[in-house]
Amino acid sequence: MHLRVVLRIPDGDTLVRDTLDGRWADPWGVPDESTPSDTWALPGLVDAHAHLARPTMDFQPGDVEETGARARRALEAGVGMILDKGWVDLTVLRMADQVPVDERPDIEAAGVILAVEGGYWAGFGRDVAPGRIVDEVARAAREGRGWVKLIGDWPRKGIGPVVNFNQAELAQAVAVARANGARVAVHTMAREVPAMAVEAGADSIEHGLFLSSRDLEVLGERGGSWVPTVIQMEAVIEQLGERSSGGRLLTEGLDNVAANLKTAVDAGVHVLTGTDLAIMTHEVAREAVRLWELGMAPSAVVDAISWSGYRASGRDAAFEVGEPANAVLFGEDPTVDPGVLAHPSRVIRMGRLVR
Ligand SMILES: [Zn+2]
């Protein structure tokens, strides 16, 4: 079975492709009448900060079956790749082993989130005891699928945000993760950790409200990622109360995010869309629209939810003959109106028409 597809690439060429055995091929034969044609195409949407194990912030162990259903739903919404940034257990990894790859997005995932005692939601994730960073990161890298997730800072009652790991520990974490084939994502919402994590060589900064332009330059030079998760940050501010000390800090941080989006893109940072727990992965287009509303150029927004995520993961060969036939198609150009991203007309996964 094959589909003939005319792919108009936003800001790029128009390609004609067939799908053959799940891979892109040069056009041949008579196309199927139901074949999508002349549509705006992206290789897939990317949720670069997901927690697929649960639908809400309830911190319960995940359910493999329900997690699989969420992955399928995300695929139907055009999501082609998920970077899961960890949970209390390995549900997402079990799901990825069980659900065939053509029925779900590609998945990279951190396993159990690493923090320190008192440095995250109590009992959530794994606390790294003093002196144990090398062993715990090595274990997490082996358990995960390409990522290790560290909670870099966390507020303590009556004190405010506290740094969980020192500079040497962060650098050790990055080195050990690399040696075990994994990348490192660092959660940070407060002031000190962004610079430390960038200096340590972290691959992805999660939230990163207080990244400086200097940090972004260094991060961009090595092709690192930044996932600001704006909708999640706004949800946390609402939860804390705008006038609380935490709410004020995060509001200041969000202003910094808005001011930094263009700087980051210009510096070569992969600025990526992430849902975290405020919205679900199949709604990731909402985060793209939020970045647009914060002043990001529409072309950069489309990059953030698609191409940039693939490049950051070393998968930039979309639509090349011989590559897996994955595409999400739109009736209108999303680089004119990123709102279109929420309404794909067709989704093709490994040559199969998902919708
Ligand atoms: Zn998260």
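Visitor: Which residues in α10 do Ala285, Ala288, Leu291 and Trp292 in α9 meet?
Guide: Happy to start there, with the reminder that this is a predicted model. Helix α9 covers residues 285–293 and helix α10 covers residues 298–305. The four α9 residues you name meet Pro298, Val301, Ala304 and Ile305 in α10.

Visitor: Are α9 and α10 roughly parallel or roughly antiparallel to each other?
Guide: Their axes lie 9 Å apart, and the packing angle is about 150 degrees. Angles over 145 count as roughly antiparallel. The two helices are therefore roughly antiparallel.

Visitor: And is the crossing of α9 and α10 left-handed or right-handed?
Guide: This is the pair that packs at about 150 degrees. The crossing is right-handed.

Visitor: Which residue just after α7 takes a positive phi?
Guide: Helix α7 spans residues 230–240. Just beyond, with a phi of about 95 degrees, comes Gly241.

Visitor: Is Arg352 buried, partly exposed or exposed?
Guide: Arg352 sits in strand β19, residues 352–353. A buried residue needs 20 or more C-beta neighbours within 10 Å, and an exposed one has 12 or fewer. Arg352 has 15 inside that distance, so it counts as partly exposed.

Visitor: How far apart in space are Arg352 and Asp102?
Guide: In sequence, Arg352 and Asp102 are 250 residues apart. In space, their C-alpha to C-alpha distance is 8.0 Å.

Visitor: Stepping back, what is the radius of gyration of the protein chain?
Guide: The chain has 11 helices and 19 strands. For 355 residues the globule rule gives 20 Å, and the chain comes close to that, so it is as compact as a globular protein of that length. Its radius of gyration is 20 Å.

Visitor: What share of contacts between residues at least 6 apart in sequence join residues at least 24 apart?
Guide: Of the 355 residues, 52% count as buried. For the contacts you ask about, the share is 69%.

Terms used:
Residues are numbered from 1 along each chain as its sequence is written. This is a predicted model: local features need pLDDT of at least 70, side-chain atom pairs count only at pLDDT 80 or more; totals for chains, interfaces and linings use all residues. Axes are lines fitted to C-alpha atoms, for helices over the stretch in contact, and angles run from 0 to 180 degrees between N-to-C directions. Angles under 35 degrees count as roughly parallel, over 145 as roughly antiparallel, 65 to 115 as roughly perpendicular and the rest as oblique. A crossing is left-handed if the near helix is turned anticlockwise from the far one by less than a right angle, and right-handed if clockwise. Two residues are in contact if their C-beta atoms, placed from the backbone, lie within 7 Å. The radius of gyration is taken over C-alpha atoms; the globule rule is 2.2 Å times the number of residues to the power 0.38.
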